[in-house]
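Please keep the sequence and the 3D view at hand while reading.

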Amino acid sequence: MGGGEDEEPPLKRVKLSSGQLVDISDGTFVRDRASCSLGDSMARPLDLQGDDEVVGTKGVVKKVEFVRIITEALYSLGYNKAGAHLEEESGIPLHSSDINLFMQQIRDGKWDESLTTLKKIGLVDEKIIKLASFVILEQKFFELLDKEKVLDALKTLRTEISPLSIENNRVHQLSSFIISPSQQVLSGVSGQGIVRVKSRTKLLEELQSLLPPTVMIPEKRLVHLVQQALDLQLDACRFHNSVVGEMSLLTDHKCGRDHIPSQTVQILQEHSDEVWFLQFSHNGNYLASSSADCSVIIWEVKLDGVFLRHLFSGHQKPVSYISWSPDDHQILTCGVEEVVRQWDVESGECIRIYEKNGLGLISCGWAPDGKRIFCGVTDKSISMWDLEGKELECWKGNRTIRISDLGITSDGKHVVSVCKENTIVLFEWESRTEKVIQEDQAITSFVLSTDNKYVLVSLWNQEIHLWDVQGTVKLITKYKGHKRSRFVVRSCFGGLDQAFVASGSEDSQVYIWHRGSGELVGTLAGHSGTVNCVSWNPTNPHMLASASDDRSIRIWGLNRVNMNQHGTVTNGANCCNGRS
């Protein structure tokens, strides 16, 4: 029976209606019962006077529900006296007397009594009553095994659990635990992982997920609602670019334009010709730039500015593309239809040259394990090499055109390239399957988001398109406003959680949009020539770099003096040649 022999004195008692739960063990057994939620089921609600009274200006917040979730919040925070006082003063109990009794019976391990009370709660869906009964009886079964009462556990399985005629696969699992009870209860393996006797706290939480919220208030419901409200404020904020920890419940959240980079804090002028490409390292400690002067520069990012670390020479043609290794210790650089060079960032030496006889290389990228590289070739193929320079594989056909962009997903399974004038292919090279992004206009460049969920595509018609490539490929947002008529201008993701999109422009400005809404939130003026490329520091949402035909690189920061946030470059620093 579920009485005295199964009783367990709680470590600390609280008022019955408090919802405070007491652990009996450290282990858990997890089961997904989301599909069995009673959110839409009928149950007998609390019968309270003034149940229709509302609070707030919108007339949608029911007073009774509001008071109940406040009471639950007080109890969950440990303010038991305050919770009990609110129940008494308002006359609105957190739970009905039947629910309070049911919860206490679960805490005390009075399984048979709890099953009787369950049927008095007012649930009308027989299937849910059975599921809740199953959860309770399973706990009873495991606790009996834990106490080495194998025969009692077997009786519970045969006479109480099996007759419910549900969860048949789970019933078979439970029967196997009878064979070796101590081993199975303590370290048995199920589809969910290690099986242990769950605490009665976890049991009540599982039951709570089955019961409708009108009957049993979801745990920490008020905190959940507040978090939802904050998330909505963040989504509505077009300039949010700081850590969530800086938000306050005391005021509505609203960021100003000064939260995105908008002021030139440094100008780098070491290149002797147009600067075509630049990219921050993954750790944000370095910036690499390349130029029509055939050089590549590694810049070191410090708190007091950005300084020249290495100048690489060796390419015979302008350098159009750069790719950082996953560990940021090396970079690949690609000359225009020339060769790909591999450089060591620490020493500044060229480690290896990748080339194909009679053909030029047009793009490059690293496999996420850092042990292989991929290159686009002028014959429209894509080749894969190891770091010793041995070509491992070559995918021929229209795999790429003469656009120096190449993406490799972080799992290493997909290579992303422009295979036709208006088509991007995501090629899974192991299975030889692919999916495509089909545009109506010619593609000039693209970039893959760091989470591999999105591809940002710059087009000939002065638009930038955001594509979702998870599952079915679909167009999400369009960004407009920048100028492009003759040259390739590149765009990038950036800011906190990559919440922004930035792009160069032929009108010498940098354009910034809010990624989700597509709203233009800023234009940055300062360059005197076409802005060819932009890169946002992945570890500092307040630092943006731009490369221009005016032979300079501009570092953009917040429009406030002496910002002191997470490695932000101090505004006012102006090392024009970048030399320390």
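## Terms and basis

Two strands are said to pair if DSSP finds at least two bridges between them, and the helices (H or I, at least four residues) and strands (E, at least two) are DSSP runs, numbered from the N terminus. The model is predicted, so local features need pLDDT of at least 70 and side-chain atom pairs count only at pLDDT 80 or more, whereas totals for chains, interfaces and linings use all residues. Residues are numbered from 1 along each chain as its sequence is written, and side-chain values use heavy atoms, with hydrogens and water left out.

## An open sheet of four strands

In E13, Cys 350 is the bridge partner of Trp 343, and this strand pairs with E12 (residues 340-344) in the antiparallel sense over four bridges. Both strands belong to an open sheet of four strands, whose order is E10-E11-E12-E13 and whose pairing is antiparallel. Strand E10 (319-324) and strand E13 (350-354) stand at the edges with a single partner strand each, so one side of each has no neighbour in the sheet.

## Two packed helices

Two packed helices are described by the angle between their axes and the distance between the axes. Helix H1 (residues 63-76) packs against helix H10 (residues 221-236) at an angle of about 105 degrees, and their axes are 7 Å apart; axes here are lines fitted to C-alpha atoms, for helices over the stretch in contact, and angles run from 0 to 180 degrees between N-to-C directions. That makes H1 roughly perpendicular to H10, a class that covers 65 to 115 degrees, while angles under 35 count as roughly parallel, over 145 as roughly antiparallel and the rest as oblique.

In contact terms (heavy atoms within 4.5 Å), Ile 69, Ile 70, Glu 72 and Ala 73 of H1 meet Arg 221, Leu 222 and Leu 225 of H10.

## Two glutamines

Gln 208 lies in helix H9 (residues 200-210) and is buried, with a relative accessible area of 16%, where buried means under 20%, exposed over 50% and partly exposed in between (1.4 Å probe, protein chains only). Leaving aside residues up to four places away in sequence, Gln 208 touches Met 216, Ile 217, Pro 218 and Glu 219.

Gln 269, by contrast, is found in the loop between strand E5 (263-268) and strand E6 (275-280), and counts as partly exposed at 47% relative accessibility. The C-alpha atoms of Gln 269 and Arg 551 are separated by 6.6 Å, although the two residues are 282 residues apart along the chain.
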